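Visitor: I would like to go through this model by asking about one residue, then about the contact between the chains, and then about each chain as a whole.

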Amino acid sequence: MLTSQRYCLVVTADEEWPAQWLRGVLELCVLGLVCEQETYGYAIANELQRAGLGRIKGGTLYPILLRLEEDGLVDSAWREGEAGPGRKFFHATDQGRRELRRRAARWSAFTSTTDALLSRVLKES
Amino acid sequence: MTKPHPGHYADQAKAELRRLGAGKEQIRRIMADVWVQAAEAPDGDLAAVLGPAEQFAGDALAGRRPVRADYLRQLRTELHTRGVPGQRIGEVLAEVDAHVTDTREDPASAFGPPRQYAARIAEETGATPEAGSSTTRRLLTGVPVTAATLLAVEGAVGLLRDQAAPVTLAVLLAALLLPVLSQVAGPLVRRSAGLGCATALGSLVVTQIVQVVVLVWLRQPVLADLPAWVAAVTGAVVALALIVVSRPTERPAGTAPVIDPRPDAQHSGTAVWDTGKDEGPGPRGIAWGAAALWLAEIAWLTVVVLLLR
């Protein structure tokens, strides 16, 4: 199913997460994966899919990586490929790792807050 | 038996393309598709995926296989229009190319229409088209330059005929109104290539005709009479000073070359990047060029006026 929301193109096969939700958290997830290990676009998209977030298109992923780079959270370098054109590898900067910890903590607090609200509301209904 | 290598298939395909008379550009574009398939080919056996090299080459040349270069070219144009710097354009094009090579999708499915993706990129980089030139600034230089041009021609004619150089009302009005004309023409020139050329040419012709009419026929009323050499020197000094002052302070974003950043760029083969290091004229070159054009304009106007008066 193809969902499009403003500039966000997401095609999901098994899981269907609302594009609005993904827009809020994709950048954080991408930053997380880059902090985990040096990686490239196609591998990131595969990891996100493996993690259950659906198939993220290049048109969504690369602008996110661009913003992370502009904010100084990741660096990039082109490497020669084994067969065919080279690949752009991304790795996290120290600032990026700090930012990941900070944002992940805030995201955790955020989801706890919304969970608490929803549990209360559901209990009452 | 040795394992088939994509390189062998690529060499065969290239040889066949050359034999069929394909141009360098065409060969580069077609070989890009070969590399797309190379990732998918089991054991690197491209023949299993694409068929015999000779047949593939023939099909590709006849346009029976898709080429992704068109998407990249459109994307490049859209990015340029939105003021994205040349270096960033090179990066974006290489990213798209490398990504669709890995995913084996077509670029429009993966990245959306070129215009949409270019808008997204421009938004992220904060690029603004035509940054740094304002209407007021252009009019402020346009009016004195036009006045200086007309004055210099009057001075030149006066020197050659040993006469005084009159400053007429018509000259003053032309100096005020002609820059407005080029202001109006500006957006039209940027709209499209065809309309742009027509507008630029039309604007140039109109400007020259108006200047000739003003200098040859609209010679009354006279506001002041100047010695010819004063008019000539003042005109030249003012015009050249303004040309120097209004030159861009650095290379405009649009003239930076779009280079493929990948280390093995010769394999990319889609030929939408710039080759070589030619970066176009810098600020000095632009100033010299503008000065030369201005002198040419003075020369031609002087000749016409001498002939027609």
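This is a predicted model: local features need pLDDT of at least 70, side-chain atom pairs count only at pLDDT 80 or more; totals for chains, interfaces and linings use all residues.

Visitor: In which helix of chain B is B:Glu78 found?
Guide: Chain B contains 13 helices along with two strands. The helix that holds B:Glu78 spans residues 69-81 of chain B, and it is α5.

Visitor: Is B:Glu78 buried or exposed?
Guide: The cut-off for a buried residue is a relative accessible area under 20%. Because B:Glu78 has a relative accessible area of 17%, it counts as buried.

Visitor: Leaving out residues up to four places away in sequence, which residues does B:Glu78 touch?
Guide: The criterion for a contact is heavy atoms within 4.5 Å. With residues up to four places away in sequence not counted, B:Glu78 touches B:Pro114, B:Arg115 and B:Ala118.

Visitor: What area is buried between chain A and chain B?
Guide: The contact draws 27 residues from chain A and 29 residues from chain B. Carbon and sulfur atoms give 57% of the area buried between the two chains, an area of about 2,600 Å².

Visitor: How far apart are the closest N and O atoms in the salt bridge of A:Arg87 with B:Asp102?
Guide: Between chain A and chain B there are four salt bridges. In the one that A:Arg87 forms with B:Asp102, the distance between the closest N and O atoms is 2.9 Å.

Visitor: Which element gives the most to the side of chain A that touches chain B?
Guide: Between the chains, eight residue pairs are in polar contact, with both residues at pLDDT 80 or more. On the side of chain A that touches chain B, the elements giving two or more residues are α2 (41-50), α3 (58-70), β5 (74-79) and β6 (87-92) of chain A. The element that gives the most, with nine residues, is α3(A).

Visitor: What pattern does chain A follow along its sequence?
Guide: Chain A has four helices and six strands. Read along the sequence, these elements follow the pattern β-β-α-β-α-β-α-β-β-α.

Visitor: In chain B, what share of the contacts with a separation of 6 or more comes from residues 24 or more positions apart?
Guide: Chain B has 309 residues, of which 42% are buried. Among its contacts with a separation of 6 or more, the share from residues 24 or more positions apart is 80%.

Note on methods: Residues are numbered from 1 along each chain as its sequence is written. Chains are lettered from A and ligands numbered from 1 in the order in which they are written. Side-chain values use heavy atoms; hydrogens and water are left out. Buried means under 20% relative accessible area, exposed over 50%, partly exposed in between (1.4 Å probe, protein chains only). Buried area is the accessible area (1.4 Å probe) that two parts lose on being put together, summed over both. A salt bridge is a side-chain nitrogen of Lys or Arg within 4 Å of a carboxyl oxygen of Asp or Glu. A polar contact is a pair of N or O atoms within 3.5 Å; within protein, one must be able to donate a hydrogen and the other to accept it, and residues adjacent in sequence count only if both atoms are side-chain atoms.
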